[in-house]
Every structure is written in structure tokens, then in C-alpha cells.
Amino acid sequence: MENRNNVTVFILLGVYQNKDIEILCFVLFLLCYIAIWMGNLLIIISIMCRLLIDQSMYFFLNYLSLANLCYSSTVMPTLMTDLLEKRKTISYNNCMTQLFILHFLGGIEIFILTGMAYDRYAAICKPLHYVVIMNRQKCNMIIVACCTGFIHSAGLCLLTIFLAFCAYEIDHSFCDVYPLLKLDCTDTYRIGLLVIVNSGLIALVIFVILMVSYLLIFYTIRSTKALSTCNSHLAVLTSLLWSCFFMPVFFIYIRPATTFPEDKVFALFYTTIAPLFNPLIYTLRNMEMKNDLRNVWCQKPFLIGRQIN
């Protein structure tokens with residue numbers, strides 16, 4: 001990976017500089033990371049053991065849980081390690097790699113959420129055609145389309161690898177676009193506009209699409225029973241999508257190329273809190289998922305299908 005300057009190592013300043021607070025944050029992040037892995041693995045194993053992946057809703061949920069695991073693992077292990085280190089460093093190549101993977105997996109995640117919203121729209125608004133609309137081939141095509149997040153992340157990397165850095169201290173807990181632009185020696189106004197288009201506006205368009213799909217679902221629903229089937233998705237819309245993902249993304253990326261101290265805190269929402277919310281919402285608010293989990297984990301090992309006496 002070509003570097004146009006002599007900066008080979010960056011120093012991450014992190015969220016806090018107080019050692020006692022950093023130890024406390026390490027414990028909290030460790031517990032969150034363990035919960036993320038346990039919750040999302042529980043969903044993946046349950047879906048595979050019960051062969052629920054043949055249903056489109058669980059098909060997308062399985063990939064969403066996998067994306068959550070990969071996405072959180074891009075930042076949290078290094079973040080927790082740095083909390084215990086006195087000097088938090090990351091090489092130039094590792095920084096660019098982290099930037100690419102973080103935005104690539106983040107793009108996949110929100111595209112999967114869009115596919116899940118379309119799936120619920122087809123199930124509720126077009127129930128007679130649902131089997132045809134959301135067949136396995138269509139589901140596979142949607143997952144492949146989600147991988148177009150590669151274009152988004154590659155564009156951001158191209159904007160950053162040609163920067164001429166005149167400093168090496170990143171005022172953040174991981175490598176991201178705006179903290180890197182702050183280290184550039186030249187005027188980054190035009191690059192900042194490209195970042196807004198590539199990240200902020202894309203997130204805004206996807207959020208509008210999600211809102212429209214759920215509004216159409218609300219308009220179609222006529223009975224309380226039908227509404228109850230969407231509880232988990234409504235919870236995702238109100239908590240995960242807005243407060244834990246899109247609101248921090250809008251705050252950070254829909255603005256000129258400037259950084260604020262609050263950015264480091266808001267970034268923790270979509271890298272830590274959002275992946276943590278997924279298993280909580282889909283297991284605690286989804287009665288069908290809770291029943292399937294109970295059927296999987298209340299059976300004898302290696303004897304799937306036989307209940308414990």
C-alpha cells in the first residue's frame with residue numbers, strides 16, 4: 001500500500017487519557033464484546049440447528065448476526081488492547097486496512113437491514129406473492145448486492161491513501177476518515193465533501209428507504225395480530241437503526257471535514273452498542289425466535305428433535 005509521506009506509524013489518543021477510566025472502559029468493553037459474541041452466535045447456531053435458514057427472515061438474520069460479529073471484531077479487540085497499553089500505536093498499513101474493513105462491513109450491515117425491511121414489506125403488504133418475491137434466489141441476490149459496500153469502502157480508502165500527513169497523532173480510538181483528514185497538510189474541504197456524499201448521503205438515502213418501507217407496512221396493517229409480528233423490526237427501527245446507528249453516523253458524516261471530541265463517543269455507538277442490540281431485540285421481542293431458541297437449547301446433545309424427558 002503506497003504511502004506518499006514518511007508517516008509509518010500513527011498514535012491513537014483514544015477516548016480517555018486517565019488510566020483508571022481506561023481500565024474501567026476495558027472491563028465494560030470486554031463484557032460488551034463477550035455479550036456480542038454470545039448473543040449473535042446463539043442466533044446463528046439456533047438458525048442452523050433448526051434449519052430456519054430456509055425462511056427468508058431468518059436467512060437475513062443469520063447474515064446480520066455474522067456481519068455484527070465481523071464488524072465489532074474489526075475495532076473492539078484493538079480498542080481493548082490499546083486501553084491497557086501506555087503507548088497506543090497502529091501502523092500505516094493496518095490503519096488503512098482497518099478503515100477499509102470497518103466501512104465495508106458497516107455498508108454490508110445496513111444493506112442487510114434494508115433487505116430485511118423489504119422482506120417484511122413483501123410478507124405483510126404482498127402476502128399472496130411473498131413466496132415468489134422472496135424465494136431463495138432473490139435472497140441470495142440481495143446478499144450479493146449487499147457486498148457492493150466494497151465500492152463505498154474502497155472510495156474512502158482512495159481518498160485517504162493519497163493524503164500527505166504532517167502529523168501522526170490520531171485523536172480517536174480507531175482509524176476513521178475525518179480524524180485522518182485532520183492530519184493532512186493541505187486543504188481537505190473538497191475531500192470532505194466527497195466523504196459526505198460517499199458516507200453521509202448514502203446513509204441518509206438508506207434510512208429514508210427504511211422509513212418508507214416501514215410506513216408502508218404500518219399503512220397496510222389492519223389488525224393487532226399483524227402488528228405483533230413486526231415488534232422486533234419496529235424495535236430495530238426505533239432503537240438500533242436510529243439511536244444506535246444512524247443518528248451517530250449522521251452526526252459524524254453529514255457535516256464538513258471537522259472533528260469534535262464527541263465523535264469518539266458517538267463512534268462507540270455504531271461499533272459496540274449496535275451489534276449488541278441485535279441479539280437482544282430479536283430474542284427478547286420476537287416470540288417465534290424465543291420458541292425456536294427454547295426448542296434448540298432444551299434438547300439432548302446430538303439428538304436434535306428429541307425432547308428431554
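This is a predicted model: local features need pLDDT of at least 70, side-chain atom pairs count only at pLDDT 80 or more; totals for chains, interfaces and linings use all residues.

Q: What does the secondary structure come to, and how much of the chain is buried?
A: You're looking at 12 helices and 3 strands. Of the 309 residues in the chain, 50% are buried.

Q: Why is N62 called buried?
A: Buried means under 20% relative accessible area. N62 has 10%, so it goes down as buried.

Q: Where does N62 lie, and which residues does it touch beyond four places in sequence?
A: N62 is part of helix α2, residues 56-84. Leaving out residues up to four places away, it touches I44, I47, M48 and I53. Take I47: it is 15 residues from N62 along the chain, and their C-alpha atoms are separated by 6.9 Å.

Q: How do you know that the span of helix α3 agrees with its number of residues?
A: Helix α3 covers residues 92-125, which makes 34 residues. The expected span is 1.5 Å times one less than that number, so α3 should span 50 Å. Its end C-alpha atoms are 49 Å apart, and therefore the two values agree.

Q: What makes α3 largely enclosed by the rest of the structure?
A: The count of buried residues does: 25 of its 34 are buried, so the helix is largely enclosed.

Q: How many cavities of 30 Å³ or more does the structure hold, and how much space lies in the largest?
A: There are 5 of them.

Q: Which elements give two or more residues to the lining of the largest cavity?
A: Those are α3, α6 (149-161), α8 (189-220) and α10 (231-253). α3 gives the most, with 6 residues.

Q: Which lining residues lie nearest the centre of the largest cavity, and what is the lining like by class?
A: Of the 18 lining residues, H103, G106, G107, I110 and H152 lie nearest the centre. By class, the lining has 10 nonpolar, 7 polar and 1 charged residues.

Q: What share of contacts between residues at least 6 apart in sequence join residues at least 24 apart?
A: In this chain, 77% of them do.

Notes:
Residues are numbered from 1 along each chain as its sequence is written. Side-chain values use heavy atoms; hydrogens and water are left out. Buried means under 20% relative accessible area, exposed over 50%, partly exposed in between (1.4 Å probe, protein chains only). Contact means heavy atoms within 4.5 Å. On a 1 Å grid over the protein atoms alone, a cavity is a set of points where a 1.4 Å probe fits but cannot get out, and a pocket is an open set with protein on both sides within 12 Å along at least five of seven lines; lining residues have an atom within 4 Å of a point. Grid points are joined across faces, edges and corners, and a volume is the space filled by probe spheres set on the points. Ala, Val, Leu, Ile, Met, Phe, Trp, Tyr, Cys and Pro count as nonpolar, Asp, Glu, Lys and Arg as charged, and the others, Gly among them, as polar.
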